Amino acid sequence: MATLEDDLGHHFREQTLLTRALTRRAFANEERQQGRHVEDQEVLCTLGDAVLKVVFVELMIRAHYPTPDAITREKKNLEREESLADVASQDLRLAHSAGA
């Protein structure tokens, strides 16, 4: 986790939240079948998606997008996985960490 934190330039106080954020549902289910208590990222993903939408809309309002339809179209474009991956690889230097 230390390498990821170094790449992000942020060190997490709550290591359990970082572990949860990186734990896929399938892995957590396998662990639960073995009797271990493991929380997955699903709730955090839902929260993160909502936060991203708020940030996107705020930025578009500040950029004076002309209509709600224009905001909706641009928001959908920004939410595409490819768009977010581009931001992560360029701005957060995560491509190296992810093995890309």
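Before listing elements I noted the rule: helices (H or I, at least four residues) and strands (E, at least two) are DSSP runs, numbered from the N terminus. With that, I read the elements of the protein from the N terminus on as α-α-α-α-α-α-α. The count is 7 helices and 0 strands.

A note on what I'm looking at: this is a predicted model, where local features need pLDDT of at least 70, side-chain atom pairs count only at pLDDT 80 or more, and totals for chains, interfaces and linings use all residues. Residues are numbered from 1 along each chain as its sequence is written, and side-chain values use heavy atoms, with hydrogens and water left out.

**Entry: overall cover.** I looked up burial next (buried means under 20% relative accessible area, exposed over 50%, partly exposed in between; 1.4 Å probe, protein chains only). Of the 100 residues of the protein, 17% count as buried. I also checked contacts, meaning heavy atoms within 4.5 Å. Among contacts with a separation of 6 or more, 17% come from residues 24 or more positions apart.

**Entry: salt bridges.** Side chains of opposite charge can pair when their charged atoms come close. My cut-off: a side-chain nitrogen of Lys or Arg within 4 Å of a carboxyl oxygen of Asp or Glu. How many salt bridges does a search of the whole structure find? It finds 5, and I wrote up some of them.

I started with Glu39 and Arg20, whose closest N and O atoms are 3.4 Å apart in a salt bridge. This pair links distant parts of the chain, 19 residues apart: Glu39 is in the loop between α3 (25-33) and α4 (42-62), and Arg20 is in helix α2 (residues 15-21). Glu39 is partly exposed, at 41% relative accessible area.

Next I found Arg25 bridged to Glu42, again with 3.4 Å between the closest N and O atoms. Here helix α3 holds Arg25 and helix α4 holds Glu42, 17 residues apart. Arg25 is partly exposed at 45%, and Glu42 is partly exposed at 29%.

Then I looked at Arg32 and Asp40, a salt bridge with closest N and O atoms 3.5 Å apart. Is Asp40 buried or exposed? I have Asp40 down as buried, at 12% relative accessibility, whereas Arg32 is partly exposed at 36%.

Entry: Most residues other than glycine have a negative phi. I flagged His64, where phi is positive, near 65°. His64 lies in the loop between α4 and α5 (68-79), and at 67% relative accessibility His64 counts as exposed.
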